[in-house]
Each structure stands twice: as C-alpha cells, then as structure tokens.
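Subject: Structure handover and findings

Hello,

Here is the structure for your files.

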Amino acid sequence: MLELVNERDFLSIDEMKKLLNVSEITIRRDMKELNDRALVQKVYGGIKKIDSNPPEAQFAQRRMSHANEKALIAKIAVELVEDGDTIFIDASSTTFEFARVCREKRNNLHVVTTSLVTALELIKNPTNTVTIIGGMVRSDNMSVIGTTAEKMAENLNVEKTFISCRTFEPNEGTFETNPSESVIKSTMADNSNKIYLLVDSSKLFKKSTFLTVPVEKIDAVVTDGRVDELIKALPDKVKVFYDLRKA
C-alpha cells in the first residue's frame with residue numbers, strides 16, 4: 001500500500017481493493033496504521049502521499065525506508081525500558097519509532113533528546129518529562145546540533161541511551177556522517193549506564209565517516225536480520241535482541 005501511494009500520489013479505497021485483493025476492513029485498518037505513523041495522509045475516500053517539501057515530510061520520507069524493520073525493532077526495544085526510566089533518545093528515524101511505542105506502553109519517563117519530532121511525540125503522554133538539548137536546528141532531520149548542543153550534552157546524565165547510526169561495523173562500532181551528531185551521541189553514551197543500539201540490517205557491516213560509539217561500549221544491539229553474522233562478529237559481552245521468527 002505504501003509503495004503504491006508513493007507511485008500514484010493518491011489511492012482510493014476501491015483501487016486498493018482491486019490492486020491488493022484484500023477486504024475493505026483490512027484496507028481501512030492498514031490506512032489507519034499508516035496515517036497514525038505519519039507515513040501517508042488519510043483523506044476522504046482513500047490516502048495520499050505526504051508532500052515531500054516541508055522538513056517534517058523529509059523526515060517522514062526517511063521513516064518510510066525500511067519502515068517495517070524499524071517498527072519491529074521498536075517493539076523489541078521497548079522491553080528494555082521500564083516505567084520511570086531516565087533515557088536518551090537520538091534523532092534517528094528508527095529511534096522515533098521506538099519513542100512512539102514508549103509513549104504508548106511506558107509512563108513517567110524522563111527523556112533527553114536532540115529530536116524535535118521525538119519530543120513532540122513523547123509529550124503526548126502527559127506522564128513523561130522531556131528535555132531537548134539546545135542548539136542549532138538541522139531542518140532536514142528535525143534535530144538539534146552544534147557546539148551549544150555538544151556542551152549541553154556534557155552536563156547531562158541518563159540511565160540508558162538508545163541510538164541508531166548511519167552505519168555499524170560490529171568489529172569497530174557505530175558511524176555517523178555529521179560531526180556534531182557524532183559528538184553528541186558519543187557524549188551521551190559516555191554519560192549513560194547502558195547503551196542500546198537500534199539498527200536495521202541494511203546498515204550492518206558498513207563504515208562511514210566518523211566513528212562514534214566504539215563497540216566495546218555497547219551493551220546490546222536490537223536488529224531485524226543477519227543475526228548469526230552479527231553474533232559471530234560482536235564481542236561476547238554485547239547481547240543481540242531480534243525477532244526469533246527471523247533468526
């Protein structure tokens with residue numbers, strides 16, 4: 001359904017029934033789910049593609065990439081969070097999905113983040129307390145970066161850090177392409193008791209520009225695939241959480 005609407009800009013319910021060969025009840029359920037996840041816009045008679053021009057839509061486009069894998073990772077990762085935890089969540093699209101599940105299933109969280117969209121999502125649960133690291137807004141990612149943000153991060157401490165990355169080489173660690181994002185993530189990892197990496201399998205066994213969190217600092221990796229390869233490559237102390245149906 002998501003691929004079809006991105007190709008056609010608009011899909012009616014009747015078109016989806018014919019193209020997907022499923023019931024109207026199933027279509028309406030899937031429409032609601034995609035709309036709730038801000039991947040499409042629900043309109044009268046069907047759904048339409050999200051406008052790709054505003055910054056929010058640019059972020060939404062990133063969320064569409066490997067969307068099912070990110071949703072699965074989020075459902076697994078929320079089991080690592082308890083009510084009342086103090087946590088850091090980075091500005092990736094994967095951890096945004098994780099934040100959505102946390103908002104629904106956990107209460108009284110104290111969250112530090114560099115993501116504007118994650119902050120807005122989490123405060124929909126009024127029991128949560130959210131601190132946004134201040135600095136320069138990066139419009140394409142709806143996040144905060146820069147020297148002010150880097151200095152603020154130095155003075156913040158959390159129990160658990162949840163990050164994703166641009167790429168992950170299990171023999172070395174996580175990598176980023178933006179130097180300020182790399183510094184902030186590295187700092188929050190240093191200021192945390194536990195570090196959890198949420199990464200889909202398309203990013204595994206690759207390097208990028210800036211080594212950010214060395215693998216020896218990571219407590220666990222939450223992923224969706226290539227599990228056997230990952231377990232063999234990682235140090236013994238690093239746990240791997242995954243969907244057993246895909247192991």
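In which helix does Thr118 lie? Thr118 sits in helix H7, residues 116-122. Helices (H or I, at least four residues) and strands (E, at least two) are DSSP runs, numbered from the N terminus.

Two notes on the basis first. This is a predicted model, where local features need pLDDT of at least 70 and side-chain atom pairs count only at pLDDT 80 or more, while totals for chains, interfaces and linings use all residues. Residues are numbered from 1 along each chain as its sequence is written, and side-chain values use heavy atoms, with hydrogens and water left out.

Single residues

Back to Thr118. Its relative accessibility is 0%, so Thr118 counts as buried. The cut-offs are under 20% relative accessible area for buried, over 50% for exposed, and partly exposed in between (1.4 Å probe, protein chains only). Leaving aside neighbours within four places in sequence, Thr118 is in contact with Ile89, Asp90, Phe96, Ala99 and Thr113. Contact means heavy atoms within 4.5 Å.

Ser186 is in helix H9. Its relative accessibility is 22%, so Ser186 counts as partly exposed. Not counting residues up to four places away in sequence, Ser186 touches Thr212 and Val213. Lys124 is 62 residues from Ser186 along the chain, and their C-alpha atoms are separated by 28 Å.

Pro235 lies in the loop between H10 and strand S15 (239-241). Pro235 is partly exposed, with a relative accessible area of 32%. Its contacts, leaving aside neighbours within four places in sequence, are Pro170 and Val215.

Helix pairs

Two packed helices are described by the angle between their axes and the distance between the axes. Axes are lines fitted to C-alpha atoms, for helices over the stretch in contact, and angles run from 0 to 180 degrees between N-to-C directions. Angles under 35 degrees count as roughly parallel, over 145 as roughly antiparallel, 65 to 115 as roughly perpendicular and the rest as oblique.

H2 with H3. Helix H2 (residues 13-20) packs on helix H3 (residues 24-36) at about 110 degrees, with the axes 10 Å apart. The two are therefore roughly perpendicular to each other. H2 passes H3 in a right-handed crossing. A crossing is right-handed if the near helix is turned clockwise from the far one by less than a right angle, and left-handed if anticlockwise. From H2, Ile13, Met16 and Lys17 meet Glu24, Ile27, Arg28 and Met31 of H3. By class, that contact has four nonpolar, no polar and three charged residues. Here Ala, Val, Leu, Ile, Met, Phe, Trp, Tyr, Cys and Pro count as nonpolar, Asp, Glu, Lys and Arg as charged, and the others, Gly among them, as polar.

H5 with H6. Helix H5 (residues 67-77) is mostly covered, with eight of its 11 residues buried. Among the buried ones are Leu72, Ile73 and Ile76. The axes of H5 and helix H6 (residues 93-105) come within 8 Å and cross at roughly 50 degrees. That makes H5 oblique to H6. This crossing of H5 past H6 is right-handed. Lys70, Ile73, Ala74 and Ala77 of H5 meet Ser93, Thr94, Glu97, Phe98 and Val101 of H6. The classes are five nonpolar, two polar and two charged.

H8 with H9. These pack at about 5 degrees, with axes 9 Å apart. H8 is thus roughly parallel to H9. H8 contributes Ala149, Glu150, Ala153 and Glu154, and H9 contributes Ser180, Val183, Ile184, Thr187 and Met188.

Cores

A nonpolar core is a set of buried Ala, Val, Leu, Ile, Met, Phe, Trp, Tyr and Cys residues joined through side-chain atoms within 4.5 Å. The largest has 27 residues, of which Ile133, Phe168, Met188 and Val221 touch the most other members. Elements giving two or more residues to this core include helix H8 (147-154), strand S9 (158-163) and helix H10 (227-233). H9 gives the most, with three residues. A second, separate core of 22 residues includes Leu80, Val101, Cys102 and Tyr196.

Best wishes
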